[in-house]
Amino acid sequence: MKILTPIKLTLDISQLKYESSGEPLIDIAPRKIGDSDKCAIEEAVRLKEKHNAYTVAVTVGSGPEHERIIRDAYAMGIDEGYIVEVKEYENLQAITIGEIIASLAKKTGPYDLIILGAGSLDTHSYTLGPIIASKIGVPIIAGVDSLSYNDGVFEARCVMEDGTYTYRVSPPIVVTVTTEANEPRIPTLKTILRSKKMEIKKLTAEDLGIELKRIEIEELKRYVVQRKKIIWDAGEDLEKAIENLVRVLTSEV
Amino acid sequence: MDFEFSEDEVRFRESVQEFCKRYIEPRWVEIDERGRIPLDLIKKMGEQGLFAIPVSEEYGGVGGTITMAAIAAEEIAYHDPSVATAVYTLLNNGWPLLVERYSREDVKKEILPKVAGGEAFYGIASTESHGGSDVAGIKTTAVKKNNVWIVNGEKTYISGIREIQELAEGGGYFLVAKTGKPEYGHRNITAFNLIVRWNGKTRQGWKPTIFEEIGRRGISTGGFILEDFEIDDKYRIGEENKGFYYLMEGFNVARILVAAATIGSGRWALDQAIEWIKNRKLFEGRPLASFQAVSFRLSELYGELEAARLLTYRAAWLADKIYIQKDPKWKEKDLNIPVALCKMKAPEATTKIYEELMKWYGAYAYTKDCNAFRGWLGTFSYTIGAEGAQNIMRIIIARDLIGREYVKG
């Protein structure tokens, strides 16, 4: 079994600092592998331990921080890592990243499983997994919180609002996992030291035959909660106030 | 000159932080309250490679450095500011290094992998009831008969007494005992691997007792009597009658790690203080932080902690030159002053931070709802003098500055 795990360098939001105005200080925020991507690595490494799978990680970008997250993946147990070096990584959208990863998968594959985080910590678009699957032309199971492999079939469970879905699919497939999937292992000093000695393979978008499309975002609007600020004076007529409150609450649902 | 940690050290620190956030921080109050580090946590720490960090992989260690052990002690103490878990960790990092350095090959292979894996505890048994600072004056004796040493005596204020009895494997101590004529003073001391419980079986002649302590309650402290306790000569550490020197080497390494642990706890206290003074408002809504009497004091305390931290990592850096890189430019005794400086400054800087934090908290600090007292009492153990009394540190430094003839021990 061969597994590809695309990983993304994202903001470590647990260490995000803010201006007094409430604006996050993005530029100085530390970066790390996204939380659900880490769960994807953990799933890949568990399959490696159980089914002798060969695991590959890939990230798109350039610079020491991208090298570091590949080394972090090595320290968790990944066997081989690629960086597709792209300048101005920040300007690339999921559609282009998806093309790059699909192309790398074709070049270095075939893979039985491509597994990644369902959504990244920063953009949370949840689109990368489906884009990769459509570019390669394999099924996708998105938002998986439990994955196993028996007798040549993957079994994946997704907890949705209307119930729990269990899928059984033969490889090759793409799976995106949530942070509920597992508790990722923490690299030990031994694996950190070992990861330093491992080679990181580097490719460019041109090597993969990808023409970079820059899609500019015109505007990004933050979701703002609009409070209605309706106040009833319960001191005058408590029963009436409760009645009004219940009426408004039920009409809002 | 380079004041940056290496990439390996940064990544290791992050991995320890992640481990601590997941497994130690949620339990630290319980650890202090119940007076024990859960055995499952010790096992996890062993699996994570937090013990025997500077010990070679050949003996089951991690193959890291003393700086890395200091990083682990600092971060663990930040997440358990009572420092119990950090002290457990640092004992099982510092003393195993001495075992590797001076013990016989088969003994190293017998003891060290179990300590590294968290199955056995390895600490230090030096202090006796007449006073821990007077090492040369110890009264425990070891007499050699055929190839076996018969040890008699009493050790007190010893860490890990209960843990040795509860861990699956057991454990032991770096023991020092008199092996010749008393008038030879410190040149009359031999060091031994005192294995009191192994394979889950307690050895004959070891009579332990456990004390009730006021702080860093998660790790047990007690004492023991040795009554005709037999130690095979193969467990001797280094040469006969040179134990005092090995002990001082061990203390140097352990003191760096103790300093790092108190700094971790001090950092936690400082973070609590910053959070509190920014949010605590009084006198018509003014935050405490807006009073210069508070903010200036905070700056001073931060300066003291940072100074102690620099002294600590400078000592760790030098210890790595000597013990890990084996740089011939440096000798073991070159560590004496840098170590005494960090051990003198770090616990005292942290004690000052706790005192100020608790004053800024006000009456709240005097209740058990506020956990600051746990860090205060835990780290105060090292201001009193665990792992080397503060005034002994001053003697070591003064002897070097003004000459041995002016400074009597």
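The legends below describe close-up views of a predicted model.

Local features are given only where pLDDT is at least 70, and side-chain atom pairs only at pLDDT 80 or more, while totals for chains, interfaces and linings use all residues. Residues are numbered from 1 along each chain as its sequence is written, and chains are lettered from A in the order in which they are written.

**View 1. The contact between chain A and chain B.** Eight residues of chain A and 13 residues of chain B take part; two residues are in contact if their C-beta atoms, placed from the backbone, lie within 7 Å. On the chain A side, five residues are nonpolar, one is polar and two are charged. Nonpolar means Ala, Val, Leu, Ile, Met, Phe, Trp, Tyr, Cys or Pro, charged means Asp, Glu, Lys or Arg, and the others, Gly among them, are polar.

**View 2. Domain 1 and domain 3 of chain B.** Chain B is assigned domain 1 (7-120), domain 2 (122-237) and domain 3 (243-402), with bounds from an automatic or database domain assignment. In chain B, 27 residues of domain 1 are in contact with 30 residues of domain 3. The side of domain 1 that touches domain 3 has 19 nonpolar, five polar and three charged residues.

**View 3. Helix H3 (residues 39-47) of chain B.** Helices are DSSP runs (H or I, at least four residues), numbered from the N terminus. The buried residues of H3(B) are B:Ile42, B:Met45 and B:Gly46; buried means that 20 or more other C-beta atoms, placed from the backbone, lie within 10 Å of the residue's own. Seen down the axis of H3(B), these buried residues fall within an arc of 100 degrees, so they line one face of the helix; the arc is that of the directions from the helix axis to the C-beta atoms. Their cover includes H5 and helix H6 (105-116) of chain B.

Definitions and conventions. Buried ≥ 20, exposed ≤ 12 C-beta atoms within 10 Å, placed from the backbone. Helix = DSSP H or I, 4+ residues; strand = E, 2+ residues; numbered from the N terminus.
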